[in-house]
Amino acid sequence: MRRLTRKKALTLVKELDAFPKVPDSYVESTASGGTVSLIAFTLMAALAFLEFFVYRDTWMKYEYEVDRDYSSKLRINVDITVAMRCQYIGADVLDLAETMVASDGLIYEAANFELSPQQRLWHMTLLHIQERLKVEHALQDVLFKAAIKGVPPAQTQSDDSSTSLSACRIHGHVYVNKVAGNFHITVGKSIPHPRGHAHLAALVSHDTYNFSHRIDHLSFGEAVPGLISPLDGTEKVAADPNHMFQYFITIVPTKLNTYKVSAETHQYAVTEQDRVINHAAGSHGVSGIFMKYDISSLMVKVTEQHMPLWQFLVRLCGIIGGIFSTTGMLHGVVGFLVDVICCRFQMGRS
């Protein structure tokens, strides 16, 4: 009784076979079938190889959410060279509440405004990357994934004394509140004031004014390898001593999560304008470099993603099964057409 039940179960399983076997006596191998098989196997191998490279590739996913962090401080990273001596200029930050932020983290260093050949090459390369980023926005994704940290050539001062250096390099960082503000460099050192702040510009001769400048680096938040800020490499030459340069910056908080870097930083967009200060002509203002920034309420989450293994296997099975089925159908249709043509040819001869 048990053997009978097992035999019935085996028979039932055989009836459910969706892949019936053809006896070898009914199988005929042909040269055309072998050729089609070789072509099919070649296509399978080539497409599977290309699919493996697609599986290895990654892409960036951008998501947006409201930034709820208003209590933390915002770090401003600065590296600017101004074509004036350090004792004539001062840099500080004034936020939206007219609160002067301490700029103790900034270092004033005498420097040459002209670049050495190595530095000029670095500067031109940076400008070229900036131009490509304006046209090909996907290039930033490549830089994110590569996490390249470039270091500009150091300034050499072997043959120059501090008295012959006519420019001032202001570099370092300051921490400010996460509200709109104004980072500026103008004539005279800044002093605190009950209603804001003031600069001792009266002690500086008008002949020394020259706000030609070069922004080697300006970023907000944590420094991230692979992130090139829009103002990096900017160089402006003042046409007049009384010249005002203005940069209007919109800062976007960014959470970056790649396979190499995980950080919370900030990206920004910028527009700029400059004009000559001429009170007689109605162009009022203060000579200097002014960077007015505002912080967006939206946060961008940039995540590097990868194709899951199961999806790669499904696509691979689709390639192999699709090519095998398609070439089999094409071979059958071609064989049928050849048989029909040969049969008609033989009938015509007879």
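Author: Let's start with naming: helices (H or I, at least four residues) and strands (E, at least two) are DSSP runs, numbered from the N terminus. By that scheme the protein chain has five helices and 15 strands. Keep in mind that this is a predicted model, where local features need pLDDT of at least 70 and side-chain atom pairs count only at pLDDT 80 or more, while totals for chains, interfaces and linings use all residues. Residues are numbered from 1 along each chain as its sequence is written, and side-chain values use heavy atoms, leaving out hydrogens and water.

A bit of background first. Of the 350 residues of the protein chain, 33% count as buried; that label means under 20% relative accessible area, with exposed being over 50% and partly exposed in between (1.4 Å probe, protein chains only). Take contacts in the protein chain with a separation of 6 or more: residues 24 or more positions apart account for 82% of them, where a contact means heavy atoms within 4.5 Å.

Now the pairs. Side chains of opposite charge can pair when their charged atoms come close. The rule here is a side-chain nitrogen of Lys or Arg within 4 Å of a carboxyl oxygen of Asp or Glu, which makes a salt bridge, and by this rule the count comes to eleven.

Is arginine 214 buried or exposed? Arginine 214 is buried, at a relative accessible area of 0%, whereas glutamate 235 is partly exposed at 30%.

Strand β11 has another hand in this. Lysine 236 and glutamate 272 form a salt bridge of 2.5 Å, N to O. Glutamate 272 belongs to strand β13 (residues 262-276) and lysine 236 to strand β11, so this bridge ties together parts that are 36 residues apart in sequence. Both partners come out as partly exposed: glutamate 272 has a relative accessible area of 39%, and lysine 236 has 22% relative accessibility. There's a network as well: salt bridges with shared partners join Arg120, Arg214, Asp216 and Glu235.

That brings us to helix α3. Helix α3 covers residues 117-135, has 19 residues and reaches 28 Å from its first C-alpha to its last, close to the 27 Å expected at 1.5 Å a residue; the expected span is 1.5 Å times one less than the number of residues. Which residues of α3 are buried? They are Gln119, His123, Leu126, Gln130 and Leu133. These cover an arc of only 80° around the axis, which puts them on the same side of α3, with the arc taken from the directions from the helix axis to the C-beta atoms. An α-helix has 3.6 residues a turn, so residues three or four places apart point the same way. Pro117, Gln118, Leu121, His128 and Val135 are exposed on the other side of α3.

One more salt bridge pairs arginine 132 with glutamate 136, their closest N and O atoms being 2.3 Å apart. Arginine 132 is partly exposed at 31% relative accessible area, and glutamate 136 is partly exposed at 39%.

Lysine 178 sits in the loop between β6 (167-177) and β7 (181-187), and lysine 178 counts as buried at 12% relative accessibility. Its side chain makes a polar contact of 3.2 Å with the side chain of aspartate 67. A polar atom of the lysine 178 side chain also lies 3.0 Å from the backbone oxygen of aspartate 69. Setting aside residues up to four places away in sequence, lysine 178 touches a group including Tyr70, Ser72, His266 and Ile295.

How values were computed
Polar contact = N/O pair within 3.5 Å; in protein donor to acceptor, adjacent residues only side chain to side chain.
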